[in-house]
Amino acid sequence: MNSVAPNRLGFFGPAGTFTHRAALLCANPDDDLLPFDPIDKVYDAVLDGHVDRAVAPIENSAEGYVPPSVAQLWRLRGKIFAVDHVSIPVTFSLYRKIGDLTQMTRLAGHPMALRQIAHWIEAKAVPTREASSSARGLEIAAKGEPGLYALGPPDVGEMFSLEEVETHLEGKTANRTRFLALAAAPAPLSGTRLCTLCLDPVSQSQMLMRAGLTLRNFQCSPTKTENSLGGYAYFCEWDLGTPISPDHASALDYGTDGWFIGVLGNIRG
Ligand SMILES: O=C(O)C(=O)C[C@]1(C(=O)O)C=C[C@@H](O)C=C1
């Protein structure tokens with residue numbers, strides 16, 4: 001790592017993303033905020049010492065983990081550390097060019113944002129155009145043909161010379177997105193900290209392998225029961241070393257301590 005630039009906070013940009021909002025909440029008063037795009041550049045900026053911390057989205061209450069961020073945490077494991085986190089409600093506004101009275105013919109937005117208002121898009125039957133961030137979607141609308149609208153955080157119309165025509169497209173309850181503050185050294189262990197571990201289930205499950213089980217895949221999906229972060233269902237795919245014995249069958253069936261470990265499938269390997 002090169003020498004670290006103090007008071008520089010990177011974020012997944014450009015300016016105007018939801019991550020920019022989260023970064024403003026994480027920033028110290030004398031921090032310079034620097035945008036990086038795409039997400040791998042946010043992580044590289046910390047690794048290379050261009051910034052001393054950076055903010056990237058990690059998890060959304062409706063859509064779960066943000067795959068490009070998880071991929072970077074895995075790529076840079078042992079080199080980049082989550083040192084703080086912040087979550088904000090994500091509420092979506094609709095933007096168009098100022099004075100564009102053409103009916104909406106296409107809607108630009110970040111794929112995660114588009115998915116969060118899928119019901120609204122379906123009701124309008126409008127085709128979508130994916131952008132690498134909400135801010136890029138707003139830039140596309142500002143430059144694009146009449147009728148090309150975009151989805152973004154509230155109150156950013158002026159920044160992109162766009163008109164905010166509708167707010168709260170998500171309906172009554174806003175989802176939340178959690179963002180990590182990243183640094184090149186771990187935070188000191190003091191007080192209660194959320195510990196994030198990432199593991200390669202295939203090579204690191206020796207103990208389970210000795211029991212005849214090889215973990216092949218592990219996914220979690222938000223249960224979406226409430227609009228809050230943290231409710232997940234876990235899906236695991238295991239290779240069974242031997243045909244299922246009555247012991248395995250009971251181990252994989254309903255847990256008695258609150259965990260549901262129901263068998264979802266049993267496929268010939
Ligand atoms: O596009 C942005 O504005 C972002 O900051 C990214 C991002 C994400 O990756 O989930 C952040 C929050 C919203 O859920 C939608 C998009």
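**Ligand shell, domains and core**

Biologist: Which residues come nearest to the ligand?
Modeller: This is a predicted model. Of the 15 residues around the ligand, those that come nearest are Thr17, Phe18, Thr19, Ser133 and Ser134.

Biologist: How do the shell residues divide into nonpolar, polar and charged?
Modeller: Eight are nonpolar, seven are polar and no residue of the shell is charged.

Biologist: How many residues are in contact between domain 1 and domain 2?
Modeller: 16 residues of domain 1 are in contact with 13 residues of domain 2. On the domain 1 side, the touching residues divide into eight nonpolar, five polar and three charged.

Biologist: Changing topic. What is in the largest nonpolar core?
Modeller: It has 45 residues, and Val42, Ala54, Val55 and Ala56 have the most contacts inside it. Helix α2 (residues 39–47) gives the most to this core, five residues. The core lies between domain 1 and domain 2, because both give residues to it.

Biologist: Take Ala56. Which residues is it in contact with, leaving aside neighbours within four places in sequence?
Modeller: Ala56 is in contact with Phe12, Thr19, Ile39, Val42, Tyr43, Ser69, Phe179, Leu180 and Leu182. Thr19 is also one of the residues that come nearest to the ligand.

Biologist: What about β3, is that strand mostly covered or open?
Modeller: Mostly covered, with eight of its eight residues buried.

Biologist: Which strands pair with β3?
Modeller: Strand β1 (residues 8–12) pairs with β3 in the parallel sense over three bridges, and Leu9 has Arg53 as its bridge partner there. β11 runs antiparallel to β3 and is joined to it by six bridges, with Val55 facing Ala181 as bridge partner. Strand β4 (residues 64–65) is also antiparallel to β3, over two bridges. Asn60 has Gly64 as its bridge partner in β4, and a hairpin of three residues joins β3 to β4.

Biologist: Where is Ala184 found?
Modeller: In the loop between β11 (175–183) and α8 (206–210). The C-alpha atoms of Ala184 and Leu47 are 6.1 Å apart, although 137 residues separate the two along the chain.

Biologist: Why does Ala184 count as partly exposed?
Modeller: Because 19 other C-beta atoms lie within 10 Å, whereas a buried residue needs 20 or more.

Biologist: Last one, the totals. How many helices and strands, and what share is buried?
Modeller: The protein has nine helices and 13 strands. Buried residues make up 28% of its 269 residues. Of the contacts with a separation of 6 or more, 68% are between residues 24 or more positions apart.

Methods. Residues are numbered from 1 along each chain as its sequence is written. This is a predicted model: local features need pLDDT of at least 70, side-chain atom pairs count only at pLDDT 80 or more; totals for chains, interfaces and linings use all residues. A residue is near a molecule or strand if its C-beta atom, placed from the backbone, lies within 6 Å of it. Ala, Val, Leu, Ile, Met, Phe, Trp, Tyr, Cys and Pro count as nonpolar, Asp, Glu, Lys and Arg as charged, and the others, Gly among them, as polar. Two residues are in contact if their C-beta atoms, placed from the backbone, lie within 7 Å. A nonpolar core is a set of buried Ala, Val, Leu, Ile, Met, Phe, Trp, Tyr and Cys residues joined through C-beta atoms within 7 Å. A residue is buried if 20 or more other C-beta atoms lie within 10 Å of its own, exposed if 12 or fewer, and partly exposed in between; C-beta atoms are placed from the backbone. Helices (H or I, at least four residues) and strands (E, at least two) are DSSP runs, numbered from the N terminus. Domain bounds come from an automatic or database domain assignment. Two strands pair if DSSP finds at least two bridges between them.
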